Amino acid sequence: MAPAGKVCGFHREGNHWFCTAALPSDITIIVERINFHLHKFPLVSKCGKMADKCEKSLSSKDRTFTLELDNFPGGPDSFLVAAKFCYGGRVELTPRSIVTVYCAADFLEMTDEYGEGNLLSKSESYFHKNVLRNWKECILALQSSEAVITYAEQLQIVSKCLNALSMMVCTDPSLFGWPMMMYGSLQSPGGSILWNGINTGARIRSSESDWWFEDISYLSVGVFERLIRTMESRGVRSENLAGAIMHYARKYLPGLGRWQGVQSGKTRTVASFSLTPVVVDQRVLLESIVNLFPDKKGRSFCRFLLGLLRVAFILDVNHTCRDALERRIGMQLELATLDSLLIPTYKDSDTLYDTDCIERIVHYFVSLESKASLFSPASLELETSPSAGPLTKVAKLIDAYIAEVASDVNLKPRKICSLAEALPDTSRSLHDGLYRAVDIYLKAHPWLSDMDKEELCNIIDYQRLSIDACAHASQNERLPLRVVLQVLFFEQMQLRTALAGCLNVLDTESAAAGPVSAPSNMAGQIVQRDGWVAVVRENQGLKVDMEKMRSRVGELEEEFSKIKQEMRRVAKSHSSLSSPRLVARKIGCRLLPRPSDAQPDHAESSGPTSRKSVEHAQPSRHSRHRKSLSLV
């Protein structure tokens, strides 16, 4: 038999490994259909498991003992390393091989009981002194543990690596003795930049919090999930955890980076220059990310969740995962953007966009906001409650979404109504956005019946249209006639209300200007301090203009009343218009006095003798009247 201390070589022939020792083999070890033709003595002197098996086989008369090792950790490669160690060969431990060798040594029971400095103690020492203290080697060891993950879990190798990485993430990288490659420059343990191994003295200004994102993205989904859980328990900030999860998802989910608008820049990495990518199941990854992602609110987080929802529809994940994503998005729908809501329909449907999904998200948002408003002391008045702001933002967003999808010719009017009615009526102070969406829909669907048009227009409250929207609607030929009449009526109401309110404000300001004129300097300072000087001056100018308008209206009313009085007088005197003297007086003519008017007493005393003379003089008097009318 070959002695344990003698170094022997190994060579392979097909599925057989042979030792170069001069003695013939007396034991055959089978590992995953690979036969190792070895000697009992070197194995028994180092391996407790081999000693037990060989002791049981002493009763056998067969010269060659055959032993098959099922479920050997690491397979034939790791057993070959252990066999070389038993024959006195030099075993080089590396971060990539340490986990499998460690597990193989424990499987074979290569403890110090069978020789001082046995393989198990050497592996354990290397693991604790080299791997757990170095970021790069710890990542490599975790990545290589996938092949023996079950056995490594029993030895707590994986949990120790996860705890070590979590502690390093919580600490400044420059405090550890790592040869790190960050931002393309090799650094010394103190953080200064090295050039060809020479300390240049230049130091990096600050250590970014995302320096570890790329490195842990080379771990498998299961190990990555456990690492995130461990970091969370160690107190790593949720923002950093969310960033790591988003980085991992963008790397392995197709199209997610494009939808997120991520610019491909230089990747911050420590150990990735020696790592190999992993193959992941995208459905499993997506479901894990949904469970891992913290409950954070933010525009980038909301956009990321909407991108995940797109991928979920593409991969056709289970209903539970999609529902969880929609609920997460509903929690922060006010932070979403219009382009991220435009999710195409990936299933067999006539419509271009998945409006059912958006409607469910809106319902989740409304239910959460209603629950939040119940605990608000100001919830009796929705305008002053904390949820009024998010509701208003979501209402504007949904109105813009409806306007965007309204041009789809296959979209039904009922879907427009259900999307608009998903939000409470108090969420919209103005219905201009709804009117715009309905107008776009009517323009894209000119074949709609009058009944469908009226049903669609019923979602709009025409009392909440602005003056510009009313003006447009009153001339919109696509609207039903009844709707146009409503718009005209409410437009007149708005004008009256606006004019009355303006007059009331001016009356209030003029009434309050008198008694408060004393502290005018203080008021002027307050106004100037708050930056409202221009507004006050503008109000004063409007007040002067309104006063002028009032006085002018008063003058016109007085002239109109005078004209009416004159017309009444003319109407009363219409019966006496036959008198030439009255007519001439009305038109401004002055008549000459008649002799009979000048001497009335004389005409009465003359009696009958003078009647003839009067009758004879009568024609000449009429001629005088005609002459006097021609005067002036």
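Is glutamate 109 buried, partly exposed or exposed? In this predicted model, glutamate 109 comes out as partly exposed, with a relative accessible area of 33%.

**View 1. Glu109 sits in a patch of negative charge on the surface.** Here Glu109 gathers with Asp52, Glu55 and Glu113. To find glutamate 109, look in the loop between helix H4 (98–107) and helix H5 (119–131).

**View 2. Lysine 251 and glutamate 214 meet in a salt bridge.** Their side chains come to 2.9 Å, N to O. The pair ties together distant parts of the chain, 37 residues apart: lysine 251 is in helix H11 (residues 238–252) and glutamate 214 in helix H9 (residues 213–216). Lysine 251 is partly exposed at 31% relative accessible area, while glutamate 214 is buried at 10%.

**View 3. Aspartate 339 pairs with arginine 303 in a salt bridge.** The N to O distance is 3.0 Å. Aspartate 339 belongs to helix H16 (residues 338–341) and arginine 303 to helix H14 (residues 299–315), so to speak a link across 36 residues. Aspartate 339 counts as partly exposed at 42% relative accessibility, and arginine 303 is partly exposed too, at 26%.

**View 4. Glutamate 455 and arginine 414 form a salt bridge at 3.4 Å, N to O.** Glutamate 455 is partly exposed, at 35% relative accessible area, and arginine 414 is partly exposed at 43%.

**View 5. Arg237, Glu239 and Lys296 are joined in a network of salt bridges.**

Terms used. Residues numbered from 1 in each chain as written. Predicted model: local features only at pLDDT ≥ 70, side-chain atom pairs only at ≥ 80, totals over all residues. Heavy atoms only, no water. Patch = residues over 30% accessible without salt bridge, like charges linked within 9 Å, V, L, I, M, F, W, Y side chains within 5 Å. Areas by Shrake-Rupley, 256 points an atom, 1.4 Å probe, with all protein chains shown as cover. Salt bridge = Lys/Arg side-chain N within 4 Å of Asp/Glu carboxyl O. Lys, Arg positive; Asp, Glu negative; His and termini not counted. Charge placed at Lys NZ, Arg CZ, Asp CG, Glu CD. Helix = DSSP H or I, 4+ residues; strand = E, 2+ residues; numbered from the N terminus. Buried < 20%, exposed > 50% of the residue type's maximum accessible area, 1.4 Å probe, protein only.
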